[in-house]
Amino acid sequence: MPYYLSAMPATTLLAPLPERLRPRNLSEYVGQKHLVGEGCILRNMIESGNLSSFILWGPPGVGKTTLARIIAETLGREFYTLSAVSSGVKEVREVFEQAKTSSLFRSGKAPILFIDEIHRFSKAQQDALLGAVEQGVVVLIGATTENPSFEVISPLLSRCQVYVLKSLEKEDLLTLLNRALTEDDVLKEKNIVVKETDALLRQSGGDGRKLLNILEVVVDSFAGKKEIVIDNKVVNDCLQKSTAIYDKDGEMHYDIISAFIKSVRGSDPNAAVYYLARIHRPPPLHPRRGGHWPGESQRPASCEQHFPDSPCHRHAGSAYSALRMRHLPRFIAQEQFSLYGHQRGLGSRCGRQDGPCASAPA
């Protein structure tokens, strides 16, 4: 016999804190001064009313969707929104038909079509946008977290400008935090004391949405208490663990590999180990390449002695080998081809038995 859940009683759902605090105009918008500050490109575009198609590229939680909504509201344009995750060519064509029949279109104000996660559109779906964008049927605003050069077809890029949004700075995050505590209808009624903000800012990682979500989680953990005191320990206890963002198939993969290489060149072993852990996949894919990156001609004999390729290939799956690979970036960060090695004047092949190349960690 099938089982059906009974209908829940009708209640007014409380929107999440980031949605309740979503800016409605540029004066409330936080961050991205290089785009919306006085005299900057997007502010000039909005003030003049001459809007062209563009793509907003940036990490999550920096205001891409919010900025598109503010532009439409400020200019009084019709605003159509599609998600590339759930929409296809059919929905795109329906928007074009609606845009052609709108009164604002006939008055010379093309509607705005906002496509979130535009990089998820296939080549054929992106092709469907070309004619309407070129003819001005709609003004396209796309949002993506991936590099448009890789994910957006060239004909569409030639019709759109690409503007880069940056992670929010500390001052921006503190502004968001203060606004949440003083302007949100729910939080301003509570007795909230923020003693420390380091954990809040660190855990957010420049993501405004994440900061507000963390704040809401921490406040909810004090349910029933008259005073809410927020410090680093409280935040860490609520979140338990900080999750480092990493996309093995996206551009971030190459950014982190680049940071790993620069850490080794700059003789920073701790940073090298950190970035190796961020990119680490089942060995031997990444760790064994640490002995190769500086250049085959400069590869020191001591690397071959202590971290030979053959055992790495054969035994990288073992726990012992994984432990040894952890020491590899620390070892090569102090070799002759690193900054440390050059400053210490180490031999071209680290043949001497003194200095940091004398032995490798076991």
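Q: What should I know about the model before I start?
A: The model is predicted, so local features need pLDDT of at least 70 and side-chain atom pairs count only at pLDDT 80 or more, while totals for chains, interfaces and linings use all residues. Residues are numbered from 1 along each chain as its sequence is written, and side-chain values use heavy atoms, with hydrogens and water left out.

Q: How many helices and strands are there in the protein?
A: Helices (H or I, at least four residues) and strands (E, at least two) are DSSP runs, numbered from the N terminus. The protein has 19 helices and seven strands.

Q: How do I read the packing of two helices, say α10 and α12?
A: Two packed helices are described by the angle between their axes and the distance between the axes. Axes are lines fitted to C-alpha atoms, for helices over the stretch in contact, and angles run from 0 to 180 degrees between N-to-C directions. Here α10 (residues 170-183) and α12 (residues 208-220) have axes 10 Å apart, at an angle of about 40 degrees. Angles under 35 degrees count as roughly parallel, over 145 as roughly antiparallel, 65 to 115 as roughly perpendicular and the rest as oblique. The pair α10 and α12 is therefore oblique.

Q: Which residues of α10 and α12 meet?
A: Contact means heavy atoms within 4.5 Å. From α10 come Leu 173, Leu 176, Leu 177, Ala 180 and Leu 181, and from α12 come Gly 208, Leu 211, Leu 212 and Leu 215. Sorted by class, the contact of α10 with α12 has eight nonpolar residues, one polar and no charged. For these classes, Ala, Val, Leu, Ile, Met, Phe, Trp, Tyr, Cys and Pro count as nonpolar, Asp, Glu, Lys and Arg as charged, and the others, Gly among them, as polar.

Q: At what angle do α5 and α7 cross?
A: The axes of α5 (residues 89-101) and α7 cross at roughly 10 degrees and come within 9 Å. That makes α5 roughly parallel to α7. Val 89, Val 92 and Phe 96 of α5 make the contact with Ala 124, Gln 125, Ala 128, Leu 129 and Ala 132 of α7.

Q: Is a residue such as Glu 134 buried or exposed?
A: Buried means under 20% relative accessible area, exposed over 50%, and partly exposed in between (1.4 Å probe, protein chains only). Glu 134 lies in α7 (residues 123-135) and is exposed, because its relative accessible area is 58%. Ala 199, in helix α11 (residues 198-204), counts as buried because its relative accessibility is 0%. Ala 199 touches Asn 232, Val 235 and Asn 236, not counting residues up to four places away in sequence. Across the protein, buried residues make up 43% of the 362 residues.

Q: Which residues touch the most other members of the largest nonpolar core?
A: A nonpolar core is a set of buried Ala, Val, Leu, Ile, Met, Phe, Trp, Tyr and Cys residues joined through side-chain atoms within 4.5 Å. The largest one has 25 residues, and Leu 42, Leu 51, Phe 54, Leu 56, Leu 67, Ile 71 and Ile 141 touch the most other members. Its largest share, six residues, comes from α4. Another core, of 24 residues, lies apart from it, and its members include Leu 187, Leu 200, Leu 215 and Val 218.
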